[in-house]
Amino acid sequence: MAYTALYREWRPQSFSEVVGQHHISRTLLNALKHDQVSHAYLFSGPRGTGKTTVAKLLAKAVNCLAAPGDRPCNACPACNSITAGVSVDVQEMDAASNRGIDEIRDLRDRVRYLPVEYRKKVYIIDEVHMLTEPAFNALLKTLEEPPKHVLFILATTEPHKLPATIVSRCQRFDFHRLDIKLITDRLQQVVQARGANVTPAALWTMAKASEGAMRDALSLLDQCLAMGAGVVDVGEVQGMLGQAGEDAFEDICRALVDRDLGRLVRRLEAITAAGQDWRQLTLGLSQYLRDILLVKLCGAEAPVDAHDPARLDVLGHFAQALPESQLYQALETLAGVEEAIRRTGRGRLLLELALIKLAAPVFPGEGVPVPPPEVAQDREVPKAPIPTGGTPPRETPPSVRPARDDLQCKWEAVMDRLKKSRQMSVHATLQPVRVAWGEDENLQLVYAREYDFHKSRMEQDAACHRVLEAALREVFGRPVTFKISGEEGMQAPAGSCDPKADPVVKLALELFDGEIIKGT
Amino acid sequence: MPRAMELLRSMERQTVRPVYVLFGPEHRLRDALIDAICRVVVEPGWEEMNVVKFSGDPPECYLMCRTPPFGRGRRVVLCMDSQVLGGGRKDTAAAQAQDLLLRYLAQPSPYSCLVISCPVDRADQRLRVVRLLEEAETLVECGMPSTTEAMKWATEYAAGRGKRLAKDAAAYIVEGCQRRLGDVEQELDKLMLYAGDTKQLTLQEARAAGAARGVQVFELTDAVTAGNEGQAWSVLQKLLRQGEAPAMIVFMLARQLRLLWQTARLSAQGKRPATVAGILKVPVFVAGRLVEGAATIGQARLPAAFRILLEADVAIKTGQMHERQAVELATLKLCRLRVQRQ
């Protein structure tokens, strides 16, 4: 016999089995009991929350041959044929693939005919927001005054895309995301019934990863059970999801607390070796820091996931050790990193840089960061950094030109400043630039050939110049002049006359056992 | 110009005019008014024969108006989606419809009541037809009802179905549905089904039934202004679980804080809640809550609160931060503002 996926096998067959949507089950049961079933329903909510399941239950219930209080009975021929999906009176239509006016006209023609077997013809239109505008208009009239033997159930994940005229003709029910606990309980029930061995922490991780969607949680469980016999523990689940374990987050937080750059780098090295996804790691770490912040703000009553009491203790420990300002700063930084990873894909570099900055919040040569004015009086001023694993910060005299790597860092600070001061247009114009020091102490902004538009805008727009000058002055602590050039006009970066000195060239030479050939 | 709500309340007592031109955004009110006109004009039992419905402005509708009705009483001729209040020099269809109506208005038929429904929210006062209809007192605005009117509507709707709707539950539903009567009725239908055989519909039941989505944003603002982090967090998570968009939550918080700011300024000028309610166009009980909230959060902290919300809004809209995290952080920061004040 063919295998049935867990989410299909465990699809609720009665209203009492529906999890986490009590407000809907009770209302529909009462409507059935008092024979006050509406002619059209709109079920909206995130994926995997039970919209189609409840639609099928309702289709069964209105056609069930049992007494009104016991519907659906799952024993009568009507219930059986609808459960098996063979009843001609219950039609499920996918509006994503039948979205045109012709399909709706066809449906409109069919609704006139009486049901073949049972009391009501039920049309379940899934993903109804995908219908075209003329299709909606064609449906409107039928929805407004449908024949008495017809029940429409529209399901959608995006109700805001539906015309108000359609919404107002339906009784609308909003399905909610499910609570982690409810999902965990249901998974436990499935695991028990299957006689499988899955640890509670693994179930909790699956429930959390499903983001309130029961179908996703059951699919994850299905995958885990398919991995093999034996005990499924949290490590296996995290491995499957590409997530780092909480021990990694704990270690990183410990390094942040102790300002132990060595430990931080070692842990990141281990994560790289394990081949974990950097974006997932950033998101997981943000979540962990968020939980610490919540424990700090709300104490033992913090609304965090505490499936394991020891976790709350660890979070409490970090909450005491990390100042609130550092937590906010860390969360904001990681949010930026996550966005940058999505855009550039350079996960390791970005996350490493951000975490090192967080472990040593005062950047060499930058002084103590000033908190935003509105909360300045309330925030704790970060203590001076005590980097234990790294070299002590060197104060760079303003007259001395920074080294190339340092210049890169300073340029990142300039870009950060532009972003924070909402100069998004200038920021975007400077995004493709490579920077280098010119011979005449000018900062060279070099654009590649394909960024001609950016280059010409930067050359012509005086306002852009002013904004950049101000940002450079703030970061470098002195006025810095700059020159804009294309790739062909680029001067060789100062101090890099010998190409062998360039680390990238050096690495390429080593890797490919190459030699330098001077071009004409 | 008579308002639909007042006309509806006095329909049974007054003489029905030969023509009504209805417009405005409140469609449920328009439908209720049409039902009331039909009830008063048409003899019971003759509705099938004497209520005639047209779409648009066909000349036949005037012919129908001049035709004597079947049996006793009068006839109601309905013209839905009429273009009579349409404007523009090149709108010949609208000009034709206006011309026909003005000619009919000069000599209306004694056999019929002509009800014209226009799909426009406002009547253009520059149009001659609008001025003439106003003079004839036949132009009826189906505008949004006030909160008090909507609450009364909700209470009467529930009473008509044998239920007693508590005042706070009525306010909760009306606020959540933003005074749209059609939505209010739908939510009440759901609430009544949820409650089952219970006669009294309470606020707890309205909340449990999930009636009036969106109203929890007000609960969130209350928790935020009180600095109650646990409560704010729990309401926020509930809203997010319900699928409320984080950007929408930020917007609603900002809107509510704007009201608090206005209230704080009015309170500082010595205005009482009733006066505040009049100025801000909110019901008195809402004004009372606003006065309380404004006193709790303190005017000095409001600029910082707006800055926090602005940052969250920019972070969400520019993709700088995951939207869920942005709204969570903003909520916590807002709560902290209050805690720091203490």
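Modeller: Let's begin with chain B, where 54% of the 342 residues are buried. Please keep in mind that this is a predicted model.

Biologist: What makes a residue count as buried?

Modeller: A residue is buried when its relative accessible area is under 20%. In chain A, 44% of the 520 residues count as buried.

Biologist: What share of the contacts joins residues 24 or more positions apart?

Modeller: Counting contacts with a separation of 6 or more, the share is 76% in chain B and 72% in chain A.

Biologist: Let's turn to one residue. Why is B:T331 called buried?

Modeller: Its relative accessibility is 1%, and the cut-off for buried is under 20%, so B:T331 counts as buried. B:T331 sits in helix α17 of chain B, residues 323-341. Leaving aside residues up to four places away in sequence, B:T331 touches B:L220, B:V224, B:A232 and B:L236.

Biologist: Why is B:P303 called partly exposed?

Modeller: B:P303 has a relative accessible area of 41%. Partly exposed covers the range between the buried limit of 20% and the exposed limit of 50%, so B:P303 is partly exposed. B:P303 belongs to helix α16 of chain B, residues 302-317. Its C-alpha atom is separated by 9.2 Å from that of B:W261, 42 residues apart along the chain.

Biologist: Which helix does α16(B) pack against at an angle of about 160°?

Modeller: That is helix α13 of chain B, residues 246-268, and the two axes are 10 Å apart. Angles over 145 degrees count as roughly antiparallel, so α13(B) is roughly antiparallel to α16(B). Their crossing is left-handed.

Biologist: Which residues meet there?

Modeller: Among them are B:V250, B:L257 and B:W261 in α13(B), and B:P303, B:F306 and B:L309 in α16(B). By class, this contact has 15 nonpolar, no polar and 2 charged residues.

Biologist: What makes α5(B) and α6(B) roughly parallel?

Modeller: Helix α5 of chain B, residues 92-106, and helix α6 of chain B, residues 128-135, cross at roughly 25°, and their axes come within 11 Å. The limit for roughly parallel is under 35 degrees, so α5(B) and α6(B) are roughly parallel to each other. The crossing in which α5(B) passes α6(B) is left-handed. From α5(B), B:Q98, B:L101, B:L102 and B:L105 meet B:R128, B:V129, B:L132 and B:L133 of α6(B). Those residues divide into 6 nonpolar, 1 polar and 1 charged.

Biologist: In chain A, why are α9(A) and α11(A) called roughly parallel?

Modeller: The axes of helix α9 of chain A, residues 200-209, and helix α11 of chain A, residues 234-241, come within 7 Å and cross at roughly 25°. With the roughly parallel class set at under 35 degrees, that makes α9(A) roughly parallel to α11(A). In this contact A:A201, A:A202, A:T205, A:M206 and A:A209 of α9(A) meet A:V234, A:V237, A:Q238 and A:L241 of α11(A). The residues divide into 7 nonpolar, 2 polar and no charged.

Biologist: Where are B:D81 and B:E137 placed?

Modeller: B:D81 is in the loop between β3 (75-80) and α5 of chain B, while B:E137 is in the loop between α6 and β5 (139-141) of chain B.

Biologist: How do you know that B:D81 and B:E137 are partly exposed?

Modeller: The relative accessible area is 49% for B:D81, and B:E137 has a relative accessibility of 45%. Exposed requires over 50% and buried under 20%, so B:D81 counts as partly exposed, and so does B:E137.

Conventions: Residues numbered from 1 in each chain as written. Chains lettered and ligands numbered in written order. Predicted model: local features only at pLDDT ≥ 70, side-chain atom pairs only at ≥ 80, totals over all residues. Heavy atoms only, no water. Axes fitted to C-alpha atoms, helices over the stretch in contact; angles between N-to-C directions. Helix = DSSP H or I, 4+ residues; strand = E, 2+ residues; numbered from the N terminus. Parallel < 35°, antiparallel > 145°, perpendicular 65-115°, else oblique. Left-handed = near helix turned anticlockwise from the far one by under 90°. Contact = heavy atoms within 4.5 Å. Nonpolar A, V, L, I, M, F, W, Y, C, P; charged D, E, K, R; others polar. Buried < 20%, exposed > 50% of the residue type's maximum accessible area, 1.4 Å probe, protein only.
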